[in-house]
Amino acid sequence: MDEADKAAIAAALQELGEEIDPDAGFTVVPLTECPHVTELPAWEISMKARCSVCKEDEVWICGTCGEILCSRYKNQHMLAHAEEHNHSVGLSFSDLSFWCFKCNAYLDVYAIPELHPLYRAAHVAKFGDQPSLPSTAASSSGATGGAASSSGA
């Protein structure tokens with residue numbers, strides 16, 4: 001990683017109110033609750049899908065409407081869609097992480113049962129089998145777990 005990359009990462013983390021030890025990295029702690037999450041449908045998913053606008057292959061699916069759009073690290077079509085249509089939650093096809101565009105934070109799929117249908121559909125599309133998730137009863141009793149990667153929407 002060159003100095004320009006390190007400076008860009010430090011600036012982004014500072015904007016988010018985070019600090020980084022360049023020798024140790026950082027940890028992303030996803031939210032275990034989010035006021036913007038509703039039950040997300042299990043949209044039909046193909047891991048071969050491309051951005052509906054620019055055809056990029058690093059894509060997200062909108063949890064509200066199922067639109068497939070590219071990440072903020074490509075041409076930012078999912079970010080623009082979330083802002084324009086007031087859609088809050090997206091799922092990354094890269095690492096199956098959830099992001100709330102209103103909270104500007106990752107969401108913990110293990111702690112938020114409303115994310116499970118879409119996560120299951122994406123997991124089956126990507127890996128061919130059902131994910132291991134806590135039951136709804138365990139989730140609502142406060143069970144948490146799992147961490148998201150730091151790829152960003």
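These legends walk through several close-up views of a predicted model.

**View 1. Five strands line up in an open sheet.**
Welcome to the sheet, whose five strands follow the order β2-β1-β3-β4-β5 with antiparallel pairing. At the edges sit β2 (68-70) and β5 (105-107), each of which pairs on one side only. From one strand to the next, the twist averages 40°. If you are new to sheets, remember that strands pair through backbone hydrogen bonds, either parallel or antiparallel.

**View 2**
Take a look at β3, which covers residues 89-92. Strands β1 and β3 run antiparallel and are joined by three bridges. Here you can find Cys-62, whose bridge partner in β3 is Gly-90. Three bridges also join β3 to β4, and this pair runs antiparallel. Leu-91 has Phe-98 as its bridge partner in β4. Now follow the side chains: which way do Val-89 and Leu-91 point, and which way do Gly-90 and Ser-92? Val-89 and Leu-91 point one way from the strand, Gly-90 and Ser-92 point the other way, and all of them are buried.

**View 2. The hairpin of β3 and β4, and on to β5.**
Five residues lie between the strands of the β3 and β4 hairpin, and Leu-96 takes a positive phi near 60° there. Strand β4 spans residues 98-100 and pairs with β5 in the antiparallel sense over three bridges. Look for Trp-99, which stands opposite Tyr-106 in β5.

**View 3. Helix α2 lies across two strands.**
Helix α2 is made of residues 77-85 and lies across β1 (59-62) and β2. The helix runs at about 120° to β2.

Asn-86 has its place in the loop between α2 and β3. Is Asn-86 buried or exposed? With 52% relative accessibility, Asn-86 counts as exposed, because the cut-off for exposed is over 50%. Leaving aside residues up to four places away in sequence, Asn-86 touches His-81 and Lys-102. The side chains of Asn-86 and Lys-102 are joined by a polar contact of 3.0 Å. Thr-64 is 22 residues from Asn-86 in sequence, yet the two are 9.5 Å apart in space, C-alpha to C-alpha.

Cys-51 is buried, because its relative accessible area is 0% and buried means under 20%. Cys-103 counts as partly exposed, at 30% relative accessibility.

**View 4. His-123 in helix α3.**
Our last stop is His-123, which is found in helix α3 (residues 116-127). His-123 has a relative accessible area of 12%, so it is buried. Not counting residues up to four places away in sequence, His-123 touches Leu-96, Gly-128, Asp-129, Gln-130 and Pro-131.

Terms used: Residues are numbered from 1 along each chain as its sequence is written. This is a predicted model: local features need pLDDT of at least 70, side-chain atom pairs count only at pLDDT 80 or more; totals for chains, interfaces and linings use all residues. Side-chain values use heavy atoms; hydrogens and water are left out. Two strands pair if DSSP finds at least two bridges between them. Helices (H or I, at least four residues) and strands (E, at least two) are DSSP runs, numbered from the N terminus. Axes are lines fitted to C-alpha atoms, for helices over the stretch in contact, and angles run from 0 to 180 degrees between N-to-C directions. Contact means heavy atoms within 4.5 Å. Buried means under 20% relative accessible area, exposed over 50%, partly exposed in between (1.4 Å probe, protein chains only). A polar contact is a pair of N or O atoms within 3.5 Å; within protein, one must be able to donate a hydrogen and the other to accept it, and residues adjacent in sequence count only if both atoms are side-chain atoms.
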